[in-house]
Amino acid sequence: MLKDRHLIAPTDFTLEEIDEVLCLADKIIADPQSFSNACRGKVLASLFYEPSTRTKFSFDSAMMRLGGSTLGFSDPNTSSVAKGETVADSARTVAQYSDLIVVRHPKEGTAKLMSQNVNCPVINAGDGGHHHPTQTLTDLLTIRHYKHRLSDLTVGVCGDLKFGRTIHSLVTCLSRYKNLNFRFISPVELSMPSYVTSELKARGVEFEQTSNLEAAMPKLDILYMSRVQRERFISEEEYMRLKDFFVLTAEKMKLAKNDMIVMHPLPRVNEIATEVDNDPRAVYFEQVRLGMYARMALIMKLLGVE
Amino acid sequence: MINVSKLREGIVIDHIRAGQGYKMFQQLGLDKLDCVVVLMRNVDSKRLGKKDLIKIETNLDLDFNVLGLIDPNVTISYVKDGMQVGKKKLSPPDKVVGILKCKNPLCISNQEHLDNVTFRLIDPEGLSYACEYCDKQTQL
């Protein structure tokens, strides 16, 4: 039962509960029109304390397509925060106007703090470098949509594995399924943090770490690319050195299986050459659309309006 | 030299690192007990040089696990009819509330100056606890 629950971390839901959300998303994808009034009369508050285009638009669009309404801000300077209000007080106040709160905040743990102070569901839309669980739901829905399964997969994860929160969340969540094999492809400086790898080891999940994308390509069912994030670096020089380490090109795509899919949480900088966009295996823009359906399903489940 | 009479019935917390006794007194909420409680500070000790010591005249069983966070090497003895009848070994509590502070500057608990943050035990050997908000580990 997901009604009135919060989604703060990607592992908050059991695999069965995730499946429940993904199954509903499938139904919405099959017939979106029949859900266009599902949330009529409901209000979603989206509190974005730091810039976001796609996640905010995705939630807003999801709620509108369900017939509900949205309110909120995307610039904290226009909210009571500018007057020194605490996060807990902001949450308590906003909860009086809304049925569901979506929050993005640069500080880690903000969504959890909000969830402790309100009696409506809270969805974490990103808390600093910590969690971004709806991106994980998006990724799972995309994988299931194209591969028709979430088990028995070889998943390559490439790019900034050190700071990429979406990647940590995805790997942690995917590793709960059976027979997952990971290839972590990154420069040594941006390799997967030990808290992720030690958890995989403890659970007996197979993984390899490499800095050779070409060698890893032929075995992959999924290649998940990620951006080297400028904002996570203190040194501009270090960022410039590492940002072009891996670029996926049409030439490299020749090494991949015919049914491999390329995913990316976006925005992309230059880690995927635009020539790859026309390859039918490049699904990253479709992933954005599926993310909206995943959020529609999540909103419905947490509001109990199915 | 101050002499405190021998305890007839109660609990003795001994071998407390000098200076830590008052912290333990506060954490155990001993000021809220109606019974006789003695806190001795800077007592001469063969093992420690100086030590603190607490004597509590009670037959209640108190939850001492929290003391493991302050000084896991203390000795806790139960006394009945003037005789030691049992000893307790400390183990770190599974969760602690309001004692630790998250060291992650990006954690919301620091921005909002939250008291009563819950930390869960991650590594009993290394006495490592994770913050409920950001999951970052804090070692004692």
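This is a predicted model: local features need pLDDT of at least 70, side-chain atom pairs count only at pLDDT 80 or more; totals for chains, interfaces and linings use all residues.

Author: Residues are numbered from 1 along each chain as its sequence is written, and side-chain values use heavy atoms, with hydrogens and water left out.

Reader: Why is α5(A) called roughly perpendicular to α11(A)?

Author: Helix α5 (residues 133-147) of chain A and helix α11 (residues 284-303) of chain A pack at about 115 degrees, their axes 8 Å apart. Roughly perpendicular covers 65 to 115 degrees, so α5(A) is placed in that class relative to α11(A).

Reader: What makes the pair Glu17(A) and Arg5(A) a salt bridge?

Author: The term requires a side-chain nitrogen of Lys or Arg within 4 Å of a carboxyl oxygen of Asp or Glu. The closest N and O atoms of Glu17(A) and Arg5(A) are 2.9 Å apart, so the pair meets the criterion.

Reader: Why does Glu17(A) count as buried?

Author: Buried means under 20% relative accessible area, exposed over 50%, and partly exposed in between (1.4 Å probe, protein chains only). Glu17(A) has 12% relative accessibility and therefore counts as buried, whereas Arg5(A), at 24%, counts as partly exposed.

Reader: How do you know that Asp44(B) is exposed?

Author: Its relative accessibility is 57%, so Asp44(B) counts as exposed. Its salt-bridge partner is Lys50(B), with the closest N and O atoms 3.0 Å apart; Lys50(B), at 42%, is partly exposed.

Terms used. Chains are lettered from A and ligands numbered from 1 in the order in which they are written. Axes are lines fitted to C-alpha atoms, for helices over the stretch in contact, and angles run from 0 to 180 degrees between N-to-C directions. Helices (H or I, at least four residues) and strands (E, at least two) are DSSP runs, numbered from the N terminus. Angles under 35 degrees count as roughly parallel, over 145 as roughly antiparallel, 65 to 115 as roughly perpendicular and the rest as oblique.
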